[in-house]
Amino acid sequence: MQIGVVGLGRMGANISRRLMRAGHSSVVWDASPAAVEALGKEGATAATGLQDLVGKLSGSPRAVWVMLPHGKITEDTIDTLSGLLSKGDIIIDGGNTYYKDDVRRGKALAAKGLRYLDVGTSGGVWGLARGYCLMIGGDADAVKHLDPIFAALAPGIGTIERTPGREGRDPRAEQGYIHAGPVGAGHFVKMIHNGIEYGMMQAMAEGFDILRNRASDKLPADERFDLNMGDIAEVWRRGSVVTSWLLDLTADALAKDEKLASFSGEVEDSGEGRWTVEAAIEEAVPADVLAASLFTRFRSRQQHTFAEKVLSAMRFGFGGHVEPGKK
């Protein structure tokens with residue numbers, strides 16, 4: 001199957017690569033000519049702009065996957081594409097867009113006869129090798145048409161044990177992708193996923209900060225422990241209840257440098273945490289942990305603790321997020 005991909009950053013380029021490895025073809029474009037040229041050398045069809053990209057897509061319906069930062073650049077790109085595509089064609093937004101923007105955008109595109117899918121995409125810089133967990137919102141027929149694309153991007157069942165009692169349920173969830181609901185549902189589910197991620201990361205970061213500070217000279221001498229952070233992270237990976245990919249990334253960072261000296265501890269938030277807290281307020285749902293983890297990221301930009309360095313290390317591990325240098 002052929003698909004256009006706009007935006008060849010950390011995830012967009014690897015989405016194209018994973019699709020090509022599965023036998024699909026990609027027509028690609030990015031504002032960076034070097035990024036386009038690199039994918040072209042790997043087998044993608046290089047485009048010189050959005051009009052050229054659409055022109056090089058064959059068959060019907062045509063589909064274009066937009067993988068850009070949320071905000072004006074995505075809005076402008078989708079608006080331009082909507083004037084180039086034809087009735088029945090499909091626009092996919094795989095970035096971290098606010099779900100309410102999806103709802104608005106989906107209605108506007110439907111009025112033009114275009115179909116719109118919002119795809120929450122999790123996997124970060126590891127997606128090429130591990131696959132991407134996909135949460136899809138939009139028209140069911142469009143999702144069905146693009147199932148070969150989603151199946152190729154998803155991780156598949158792999159070695160994870162099957163969940164008892166799932167017989168007769170949608171098999172796509174076991175493969176790592178779901179049709180979550182109508183337009184907006186995909187990014188809403190991904191938004192909550194990222195909110196939970198904030199809380200999990202914060203709990204782990206605070207725990208390691210407590211462990212590290214057990215050697216403080218403010219404590220009684222016989223209650224001080226000079227603990228090895230790297231070894232603790234490693235042993236927890238081996239059968240403990242808190243085993244997780246986030247712990248894997250933490251162990252990897254601590255094995256390289258137990259003091260995490262290369263990380264500033266200044267932790268950014270990319271929007272989804274704020275939106276998750278806003279949704280909780282709209283629904284009157286208590287979200288103490290998620291709200292606190294978001295506010296901690298705000299505070300980290302004023303003063304830093306070892307916990308924030310752990311957060312920075314995890315964010316770099318899964319998403320390649322580079323924090324500001326030490327001040």
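The lining of the second largest pocket is made up of eight nonpolar, two polar and four charged residues, in what is a predicted model. The space inside this pocket comes to about 240 Å³, and among its 14 lining residues those closest to the centre are L249, D252, A253, K256 and G317.

Helix α12 spans residues 245-256, and A255 is one of the residues placed in it. A255 counts as exposed because its relative accessibility is 65%, where the cut-off for that class is over 50%. Between the C-alpha atoms of A255 and S244, which are 11 residues apart along the chain, the separation is 16 Å.

From α12 the reader can step back to the loop that joins α11 (229-236) to α12, where V242 is found. With a relative accessibility of 44%, V242 counts as partly exposed, and together with V235, W236 and V241 it makes a nonpolar surface patch of about 410 Å².

The loop between α11 and α12 also holds R237, a residue that takes part in two of the salt bridges described here. In one of them R237 pairs with E234, the closest N and O atoms being 3.1 Å apart; in the other, R237 pairs with D248, and there the closest N and O atoms are 2.7 Å apart. Because D248 lies in helix α12 while R237 lies in the loop between α11 and α12, this second pair ties together parts that are 11 residues apart in sequence. R237 is partly exposed, with a relative accessible area of 27%, and D248 likewise counts as partly exposed, at 27% relative accessibility. For E234 the relative accessibility is 29%, so this residue too counts as partly exposed.

Elsewhere in the chain, the side chains of E223 and R214 meet in a salt bridge with an N to O distance of 3.6 Å. E223 has a relative accessible area of 37% and is therefore partly exposed, and R214, with a relative accessible area of 26%, is partly exposed as well. A further group of charged residues, E75, D93, D101, D102, R104 and R105, is linked in a network of salt bridges. Across the whole structure, a search finds 22 salt bridges.

Definitions and conventions
Residues are numbered from 1 along each chain as its sequence is written. This is a predicted model: local features need pLDDT of at least 70, side-chain atom pairs count only at pLDDT 80 or more; totals for chains, interfaces and linings use all residues. Side-chain values use heavy atoms; hydrogens and water are left out. Patches are made of residues with over 30% relative accessible area and no salt bridge: like charges are joined within 9 Å, nonpolar side chains (Val, Leu, Ile, Met, Phe, Trp, Tyr) within 5 Å. Accessible areas come from the Shrake-Rupley method with a 1.4 Å probe; for residues, only the protein chains shown count as cover. A salt bridge is a side-chain nitrogen of Lys or Arg within 4 Å of a carboxyl oxygen of Asp or Glu. Helices (H or I, at least four residues) and strands (E, at least two) are DSSP runs, numbered from the N terminus. Buried means under 20% relative accessible area, exposed over 50%, partly exposed in between (1.4 Å probe, protein chains only). On a 1 Å grid over the protein atoms alone, a cavity is a set of points where a 1.4 Å probe fits but cannot get out, and a pocket is an open set with protein on both sides within 12 Å along at least five of seven lines; lining residues have an atom within 4 Å of a point. Grid points are joined across faces, edges and corners, and a volume is the space filled by probe spheres set on the points. Ala, Val, Leu, Ile, Met, Phe, Trp, Tyr, Cys and Pro count as nonpolar, Asp, Glu, Lys and Arg as charged, and the others, Gly among them, as polar.
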